[in-house]
Amino acid sequence: MGTRFRLFVQPPFEDPMSSPEIITVSSPAGSVGPGPSDDSMYVVEPVDKTRPYGVNHGPLGTPFISLPPWTQAILDPAVPDEEGNFDHYQPSTPGFEAAHAFGCVRFTLDVWERYIGQPLIWHFRDHYDRLEISILPGWDNAQYGYGFLELGSQFAKDGRALPFSLDFDVIAHEVGHAFVYGVLGIPNPGAEFPEYLGFQEAFSDCVSLIAAMHFPSVIENVLTVTRGNLYIANQLSRFSEFSPHRQIREANNKLTMADFADGWTDEHALSQPLTGAVFDILVDVFHESLVARGLISPEAENLADLAEIDPAAELLLQEVFDRDFARNPEGFVEALLDARDIVGTYLAETLWALAPDFLDYGDVARTMLAVDDSVTGGELSRIIFRDFDRRGIFRYRAGPRLTKPNRKSHVHEGRIARPRDQARLPGMSYFEKYWMSRSGAEL
């Protein structure tokens with residue numbers, strides 16, 4: 001028996017019709033305590049916390065490092081019911097956001113620990129035994145760093161705070177960074193290529209996408225809307241900024257490395273060719289599975305390839321998918337789940353085989369080809385090579401960074417600061433410490 005939570009696949013502020021689903025995570029019944037908390041992580045909702053973790057500055061501008069644990073006042077923790085579950089918490093009630101955040105992290109870990117073949121070992125294990133999941137509603141960001149996963153809010157034009165603690169996509173993406181840091185690691189000084197930063201974002205996007213595809217409602221909705229023609233996602237009105245499955249919308253992009261050969265400004269944008277290549281592989285593996293199961297014809301698969309480059313073929317392609325999907329919807333579900341697990345497995349095996357120093361996208365592509373050769377003898381090599389090549393990954397490298405990283409970057413000091421880094425910062429004067437203590441600011 002596991003532990004039950006209510007999770008939004010799509011946050012309620014993006015889809016008014018969205019409601020949380022009761023899911024069961026792997027945590028044995030009774031193993032999750034107040035917070036929620038367990039042996040590997042815990043949730044806190046700080047009271048009057050004004051700064052995110054990382055490098056902050058005192059009243060006179062002196063930098064200092066703020067890291068877990070949070071030891072000051074917190075809101076009452078979410079507590080399990082008599083059976084050890086947390087699904088008794090309803091939206092908009094105290095404790096729901098904390099339970100939701102914990103459930104999303106545990107769900108994502110469940111999915112990806114199966115792919116990587118073992119429990120995730122936190123990259124901060126030398127200093128902390130557990131991850132602190134901290135809810136900071138007045139902050140306009142979310143970040144995974146040394147010992148923490150911190151969740152702020154997106155602020156709407158009307159001033160509403162839309163909490164990331166209710167956003168599965170954001171939480172799963174940040175857990176993706178935990179896998180990159182924990183399995184791949186961090187480049188040594190002077191050995192970081194731009195593509196390492198893009199890989200961080202692309203892999204984390206894929207973690208979110210694949211994890212979301214483990215909700216049966218996501219698979220059902222996507223196939224009901226697209227009839228299996230996943231490339232039409234961007235052309236459907238419901239796949240807008242309020243998309244119930246925005247991971248698919250964002251992954252289905254047209255950017256190539258040629259767009260970044262002269263330089264780049266943001267690793268989230270730089271990640272898009274790699275994310276797009278993985279999405280293309282997912283779709284092509286899905287098509288191969290449909291053909292192998294006799295659910296679409298080889299001619300339909302060729303038409304899908306043509307529609308990628310010729311919009312004139314799109315209407316006919318959709319007619320074909322509409323017809324074939326109606327004949328066997330369950331078969332399409334099985335084929336998509338098969339493609340999901342193939343891509344998830346290949347990504348995990350690729351992550352294990354890569355090294356962080358001087359990493360570029362070409363390394364990722366060649367490693368995935370080697371994984372396929374090991375797993376299938378190269379059955380998918382044509383697809384993998386073609387989809388990476390179409391994104392220019394074998395032909396172009398990212399040019400120089402054209403702007404300094406901002407605070408949302410994963411090279412920003414807030415995300416990578418460690419306790420030992422405090423020794424490299426200037427000491428704070430007694431007066432500044434006193435002023436901070438009088439103002440109630442946390443050190």
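The crossing of helix 7 and helix 12 is right-handed; a crossing bears this name if the near helix is turned clockwise from the far one by less than a right angle, and is left-handed if the turn is anticlockwise. The model described here is predicted, so local features need pLDDT of at least 70 and side-chain atom pairs count only at pLDDT 80 or more, while totals for chains, interfaces and linings use all residues. Residues are numbered from 1 along each chain as its sequence is written, and side-chain values use heavy atoms, with hydrogens and water left out.

Helix 7 covers residues 272-292 and helix 12 covers residues 381-390; their axes come within 9 Å and cross at roughly 150°. Axes here are lines fitted to C-alpha atoms, for helices over the stretch in contact, and angles run from 0 to 180 degrees between N-to-C directions. Helices (H or I, at least four residues) and strands (E, at least two) are DSSP runs, numbered from the N terminus. On the helix 7 side, the contact is made by Leu274, Ala277, Asp280, Ile281, Asp284, Val285 and Glu288. Helix 12 contributes Arg382, Ile383, Ile384, Arg386, Asp387 and Phe388, where contact means heavy atoms within 4.5 Å. The residues of this contact divide into 7 nonpolar, no polar and 6 charged. In this grouping, Ala, Val, Leu, Ile, Met, Phe, Trp, Tyr, Cys and Pro count as nonpolar, Asp, Glu, Lys and Arg as charged, and the others, Gly among them, as polar.

A simple check of helix 7 works out well: at 1.5 Å a residue, its 21 residues should span 30 Å, and this agrees with its end C-alpha atoms, which are 30 Å apart. The expected span is 1.5 Å times one less than the number of residues. Helix 7 is mostly covered, with 18 of its 21 residues buried. Buried means under 20% relative accessible area, exposed means over 50%, and partly exposed lies in between (1.4 Å probe, protein chains only). Phe279 lies in helix 7 and counts as buried because its relative accessibility is 1%. Phe279 and Phe215 are 64 residues apart in sequence, and their C-alpha atoms are 18 Å apart in space. After helix 7 comes Gly294, with a positive phi near 75°.

The axes of helix 8 (residues 298-309) and helix 9 (residues 314-327) come within 9 Å and cross at roughly 145°. Here, helix 8 passes helix 9 in a left-handed crossing. Ala300, Leu303, Ala304 and Ala307 of helix 8 meet Glu314, Leu316, Leu317 and Val320 of helix 9. These contact residues divide into 7 nonpolar, no polar and 1 charged. Leu303, found in helix 8, counts as buried because its relative accessibility is 15%. Leaving aside neighbours within four places in sequence, Leu303 is in contact with Ala313, Leu316, Leu317 and Val320. The C-alpha atoms of Leu303 and Ala313 are 7.1 Å apart, although the two residues are 10 residues apart in sequence.

In soluble globular proteins, nonpolar side chains tend to be buried together. The largest nonpolar core in this model has 128 residues. Such a core is a set of buried Ala, Val, Leu, Ile, Met, Phe, Trp, Tyr and Cys residues joined through side-chain atoms within 4.5 Å. Those with the most contacts inside this core are Trp112, Phe179, Phe199, Phe203, Phe286, Phe332 and Phe388. Helix 1 (residues 96-116) gives the most to the core, with 13 residues. Beyond its neighbours within four places in sequence, Trp112 is in contact with several residues, including Phe179, Phe203, Cys206 and Leu347. Helix 3 (residues 194-212) is largely enclosed by the rest of the structure, because 18 of its 19 residues are buried.

The peptide bond from Gly35 to Pro36 is cis, with omega near 0°, and Pro36 is in the loop between strand 2 (21-25) and strand 3 (41-44). Another cis peptide bond runs from Pro68 to Pro69, with omega near 5°; Pro69 lies in the loop between strand 5 (63-66) and helix 1. Asp48, in the loop between strand 3 and strand 4 (54-57), has a positive phi near 65° and is exposed, with a relative accessible area of 67%. Phe358 has a positive phi near 60° and is partly exposed, at 45%.
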